[in-house]
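Visitor: Walk me through this model, please. I want the rule for each feature before the case.

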Amino acid sequence: SEISSFDLKAYLLSSIIINKVNSKKINYIKFVAEKQIDKIGMHKSYNLLDHAKFINNLSEIKNILLFYNVKESNLFDNLILKMTSILNQYFHSDGSLPLFNGSNNIYTKIIYNSLNKDTYLVKRNFINIKNGIAFYSDKHKKIFFDVVQPNKDKISSNLSAGTLAIEMSGDGEKIFTNCGASESLGKNPEYLRYSAAHSTITLQNTNISEIKEGNPHIKFPQSVVFRNETSKDEEIFEGSHNGYVRKFNKIIKRKLTISKNKNILVGEDSLISYKKNKSRLIYHIRFHLADEMKYNFTNNKKNLILKTKLNNIWLFKSDTELIVEDSILVDNNNTKPIKQIVIKGIVIDNKTVKKWSLEKI
């Protein structure tokens, strides 16, 4: 997991130049590459930009083999196809990439154009998969859900503490976002990896995973569980994590019910006591809003009317009073002020459940 795709490319080219390439070395390169890809073909950094760079390096490895007439040049075809077809699913309805784990949209147009050249790519699904960034799409909306299981491998060292974070877009523009990051080769502020920089649930404003610069997570959820159900009218995503068990004795669950026929997303966030605990804990459920979003409260302060830059109207509903706070969006190496919807309260009971929804009107 410590060998990058750039290392693999350099290793192959060096071996060819000194005339010491052989089938064993090429198969080893393939073995290392496959170990860095999950079951559906996603790079285990779960950073879409790094994923695209990995595909590009595999393609260059293939081109090097072709140039030197090495017979194993087709060994990487299936892996490239698998990774490219899954990347094809990770675009919002506005054409941008979701901002998980340091992703940004500096090269998105180049990536998108390269994908469109491969017209044979089939649509992929996130079915019977227990780990990764789950996705749902129909002709009106796209939803992404972070159910990545962190680990100590170096390949996972840049994961954000955004477990159970969501992003959503609808009718050609983004609605919910994460705060993003700058170019991955540059210096990213650590706070952009914090849980509060993601559209997820936090306790005591504490990170779900411990963030430490230049190191894999030291403390992180030991169990991230995902399941999904599908029917004619609905798709249900349900995720949970135990990242707060050791410190606060709480399990966090998020259930998303997605309407297939309407522009409606219904959420249910639960904070469940692992054992009896009388401590009064403050929770925040954050929904960072896309750029240029305007809002108005209804009279009861539990509903929020959202107006997008394309003048689409969405209604965010909650079973409790809402707060709107300042936030930032870092993308394309630009930092912009945005707003975030916050559901805030105190956990007193053994189980606290907060319900919310987003519907286009």
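Guide: We begin with charge pairs. A salt bridge is a side-chain nitrogen of Lys or Arg within 4 Å of a carboxyl oxygen of Asp or Glu. Here Arg 227, Glu 229 and Glu 238 are joined in a network of such bridges.

Visitor: What kind of model is this, and how are residues numbered?

Guide: This is a predicted model, where local features need pLDDT of at least 70, side-chain atom pairs count only at pLDDT 80 or more, and totals for chains, interfaces and linings use all residues. Residues are numbered from 1 along each chain as its sequence is written, and side-chain values use heavy atoms, with hydrogens and water left out.

Visitor: How many salt bridges does a search of the whole structure find?

Guide: The search gives 15.

Visitor: Which residue forms a salt bridge with Lys 174?

Guide: Glu 167 does, with the closest N and O atoms 2.9 Å apart. Lys 174 is buried at 13% relative accessible area. Glu 167 is buried at 0%.

Visitor: And what is the partner of Lys 141 in its salt bridge?

Guide: Lys 141 bridges to Asp 138, with 2.7 Å between the closest N and O atoms. Lys 141 is buried at 1% relative accessibility. Asp 138 is partly exposed at 22%.

Visitor: Now strands. How does S1 pair with strand S2?

Guide: Elements come from DSSP: helices are H or I runs of at least four residues, strands are E runs of at least two, and both are numbered from the N terminus. Two strands pair if DSSP finds at least two bridges between them. S1 and S2 (residues 141-147) pair in the antiparallel sense over six bridges. A hairpin of three residues joins S1 to S2. Phe 135 stands opposite Phe 144 in S2.

Visitor: How many residues of strand S1 are buried?

Guide: In a regular strand, side chains alternate between the two faces of the sheet. In S1 (residues 132-137), six of the six residues are buried, so the strand is largely enclosed by the rest of the structure.

Visitor: Next, helix packing. At what angle do H1 and H2 pack?

Guide: Axes are lines fitted to C-alpha atoms, for helices over the stretch in contact, and angles between N-to-C directions run from 0 to 180 degrees. Helix H1 (residues 5-17) packs on helix H2 (residues 23-35) at about 175 degrees, with the axes 11 Å apart. Angles under 35 degrees count as roughly parallel, over 145 as roughly antiparallel, 65 to 115 as roughly perpendicular, and the rest as oblique. H1 and H2 are therefore roughly antiparallel.

Visitor: Which residues of H1 and H2 meet?

Guide: Contact means heavy atoms within 4.5 Å. On H1 they are Leu 8, Tyr 11, Leu 12 and Ser 15; on H2 they are Lys 25, Ile 26, Ile 29, Val 32 and Ala 33. The residues of this contact of H1 with H2 divide into seven nonpolar, one polar and one charged. For these classes, Ala, Val, Leu, Ile, Met, Phe, Trp, Tyr, Cys and Pro count as nonpolar, Asp, Glu, Lys and Arg as charged, and the others, Gly among them, as polar.

Visitor: How do the axes of H1 and H3 cross?

Guide: The axes of H1 and helix H3 (residues 48-67) come within 9 Å and cross at roughly 10 degrees. That makes H1 roughly parallel to H3. Residues in the contact include Phe 6 and Leu 13 of H1 and Phe 54 and Ile 61 of H3. The contact of H1 with H3 divides into nine nonpolar, two polar and three charged residues.

Visitor: Last, the loops. Where is Asn 69 found, and what is its phi?

Guide: Asn 69 is in the loop between H3 and helix H4 (77-87). Its phi is positive, about 55 degrees, although Asn 69 is not a glycine. Asn 69 is exposed, at 70% relative accessibility.

Technical notes: Buried means under 20% relative accessible area, exposed over 50%, partly exposed in between (1.4 Å probe, protein chains only).
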